[in-house]
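Subject: Model for your files

Hello,

Here is the structure I said I would pass on.

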Amino acid sequence: MYLLTATDKTLSSDVSKQVVKQTGVLDNYIKNINWDNIITKIIMVTISLILISLLFLIIHSVGKKIITRSFSTAKKKNSNYSIGRLGTIYTLTQNIFHYCVLFFYFYAILSILGIPVSTLLASAGIVSVALGLGAQGFVTDIVTGFFILLEQQFSVGDVVKINAITGKIHAVGLRTTQVISDDGTLNFIPNRSITVVSNMSRNNMQAVVDIRLDPKKDAGEMKKIIAQVNQKVVPNLPEIVTGPTILGVVPLTNGELVFRVTAYTKNGAQATVQRILLDNYLRALKDAGFNIPTSPLNLGATA
């Protein structure tokens with residue numbers, strides 16, 4: 001059986017006294033905490049956060065409704081701005097309002113939590129170098145977006161080609177431009193990546209109709225039939241601004257000869273006009289005994 005020596009007993013007694021002393025200090029510290037004030041402060045902060053969140057939610061909702069109503073009224077009146085231009089300014093205003101509300105909301109939250117916002121803002125210069133490298137893209141997006149709006153390169157509703165994406169402008173924001181492709185895909189394009197914009201909604205567009213020749217028929221007879229079709233069809237196509245112009249027989253890049261007709265239409269209507277004209281030409285030629293060889297549909301559209 002193991003027996004404790006006098007030294008061991010002394011050490012054990014000292015350890016016990018230390019534990020009792022530390023426990024007493026901890027008990028005194030816990031007893032001296034003003035739990036009422038802490039719980040009251042937690043409740044007050046929680047209530048303040050809820051109230052401030054509701055307040056900014058109301059401000060955000062009411063502000064967006066006011067902006068929407070203002071632009072709806074502007075659209076109904078005879079404004080100097082086009083509908084597309086108003087749509088662009090509308091989406092941009094919504095974005096700016098949204099970011100402003102978020103900024104002041106987070107400022108209020110931090111203030112309620114007791115975080116010295118002014119001190120953080122004053123010391124922002126210390127981390128500005130570190131953040132500068134990461135924020136370069138963000139700043140470039142905003143600056144590029146500003147010049148896009150200033151130069152009116154495109155508006156909401158315009159059909160454009162940006163890089164390899166072709167579609168209709170859905171929204172123009174501070175950082176990105178949204179383009180809906182013909183298949184319905186919504187593309188988010190960072191403004192800094194927009195280098196060349198081909199806007200197909202600013203000028204009249206050219207519809208090109210190419211018809212392959214029947215080697216057994218005369219091109220002059222073909223021209224007369226197409227002219228007759230134009231007299232019947234064109235009055236029912238208000239989208240046509242100029243033409244159609246019968247150019248006659250022209251060579252393609254592959255050396256093949258085709259009979260070409262061109263017409264200038266309102267922007268966005270060139271494909272529809274081309275299909276209608278081609279359909280009427282082919283039917284009339286078939287009725288006249290022409291045997292038109294099948295070929296891929298050829299649609300050209302230029303400003």
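Predicted model: local features only at pLDDT ≥ 70, side-chain atom pairs only at ≥ 80, totals over all residues.

Residues are numbered from 1 along each chain as its sequence is written, and side-chain values use heavy atoms, with hydrogens and water left out.

Helix pair. Helices are DSSP runs (H or I, at least four residues), numbered from the N terminus. The axes of H6 (residues 219-233) and H7 (residues 270-287) come within 10 Å and cross at roughly 130°; axes are lines fitted to C-alpha atoms over the stretch in contact, with angles from 0 to 180 degrees between N-to-C directions. H6 is therefore oblique to H7 (under 35 degrees is roughly parallel, over 145 roughly antiparallel, 65 to 115 roughly perpendicular, the rest oblique).

Aromatic rings. The whole structure holds 3 aromatic pairs (ring centres within 6.5 Å; planes under 30 degrees apart are stacked, over 60 edge-to-face, the rest tilted). Phe 56 and Tyr 105 are edge-to-face, because their centres are 5.5 Å apart and their planes at 70°. Phe 56 lies in H2 (residues 35-76) and Tyr 105 in H3 (residues 83-112), so the pair ties together parts 49 residues apart in sequence. Phe 56 is buried at 14% relative accessible area, while Tyr 105 is partly exposed at 21% (buried is under 20%, exposed over 50%, partly exposed in between; 1.4 Å probe, protein chains only).

Regards

Conventions: Helix = DSSP H or I, 4+ residues; strand = E, 2+ residues; numbered from the N terminus. Phe/Tyr/Trp six-rings, centres within 6.5 Å; stacked < 30°, edge-to-face > 60°.
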